[in-house]
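Hi,

Here is the structure I promised to pass on to you.

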Amino acid sequence: MLATKFGGRLLERVHTCSLLPGAKPFLANRHGHQSLHLICGTRQSDLDTIVARLGLTHDFDSIVGAPTGKRDAFLSILVGDQMLPHQALAIGDSMTELRAAQALRIPFIGIASPDAPDTFPAETVVLPNLAAADAMWNCGR
């Protein structure tokens, strides 16, 4: 009951939130060139609805929500895409993603808004948004 109530409120708020700065260009620049997967702790049915409402469904090769854990989701992607951990990159905004990536030895970039506390360890590469990630990625071209 509580999960359903929370899910309803979450879906209501989707209409008023904006995407992380640079998300659309980042996805557009990678689409068709790299395998893109969205892993989130939000319940799968709610996540599917949110991603569809944001018009992002076709930007990802897979969309995985709860109850699947992030480590299991990352491992499934490595196996499915036949990649070694160093061939992947996890980008996340929480320690949950960092720990899952570290457990599998996947390189990780943290995203932490300048106006939010950065909780990542000092050795973690942390960027303010996906616009910065896109600029960094394009710099190497």
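This is a predicted model: local features need pLDDT of at least 70, side-chain atom pairs count only at pLDDT 80 or more; totals for chains, interfaces and linings use all residues.

**The chain overall**

The chain holds six helices and five strands. Of the 141 residues in the chain, 34% are buried. If you take the contacts between residues at least 6 apart in sequence, 53% of them join residues at least 24 apart.

**The sheet**

Three of the strands make an open sheet, ordered S3-S4-S5, with parallel pairing. S3 and S5 (125-127) are at the edges with a single partner strand each, so one side of each has no neighbour in the sheet. From one strand to the next, the twist averages 25 degrees. As background, strands of a sheet pair through backbone hydrogen bonds, and they can do that either parallel or antiparallel. Here S4 (residues 108-111) and S5 run parallel and are joined by three bridges. If you want a spot to look at, Gly 110 has Val 126 in S5 as its bridge partner.

**Phe 120**

Next, go to the loop between S4 and S5, where you'll find Phe 120. Is Phe 120 buried or exposed? Its relative accessible area is 9%, and buried means under 20%, so Phe 120 counts as buried. Leaving aside residues up to four places away in sequence, Phe 120 touches Gly 92, Asp 93, Ser 94, Met 95, Leu 98, Phe 108, Gly 110, Ile 111 and Val 126. Two of those names, Gly 110 and Val 126, are the bridge partners mentioned above. Met 95 is 25 residues from Phe 120 along the chain, yet their C-alpha atoms are separated by 6.7 Å.

**The largest pocket**

Finally, the largest pocket has about 1500 Å³ of space in it. Its lining comes from 43 residues, and those nearest the centre are His 37, Leu 38, Ile 39, Phe 60 and Ile 91. Which element gives the most to this lining? That is S1, with five residues. Other elements supply at least two residues each, including helix H1 (2-14), helix H4 (70-80), strand S3 (90-92) and helix H6 (130-139). So S3, an edge strand of the sheet, is also part of the pocket's lining. Sorted by class, the lining has 30 nonpolar, seven polar and six charged residues.

Happy browsing!

How values were computed:
Residues are numbered from 1 along each chain as its sequence is written. Side-chain values use heavy atoms; hydrogens and water are left out. On a 1 Å grid over the protein atoms alone, a cavity is a set of points where a 1.4 Å probe fits but cannot get out, and a pocket is an open set with protein on both sides within 12 Å along at least five of seven lines; lining residues have an atom within 4 Å of a point. Grid points are joined across faces, edges and corners, and a volume is the space filled by probe spheres set on the points. Helices (H or I, at least four residues) and strands (E, at least two) are DSSP runs, numbered from the N terminus. Ala, Val, Leu, Ile, Met, Phe, Trp, Tyr, Cys and Pro count as nonpolar, Asp, Glu, Lys and Arg as charged, and the others, Gly among them, as polar. Two strands pair if DSSP finds at least two bridges between them. Axes are lines fitted to C-alpha atoms, for helices over the stretch in contact, and angles run from 0 to 180 degrees between N-to-C directions. Buried means under 20% relative accessible area, exposed over 50%, partly exposed in between (1.4 Å probe, protein chains only). Contact means heavy atoms within 4.5 Å.
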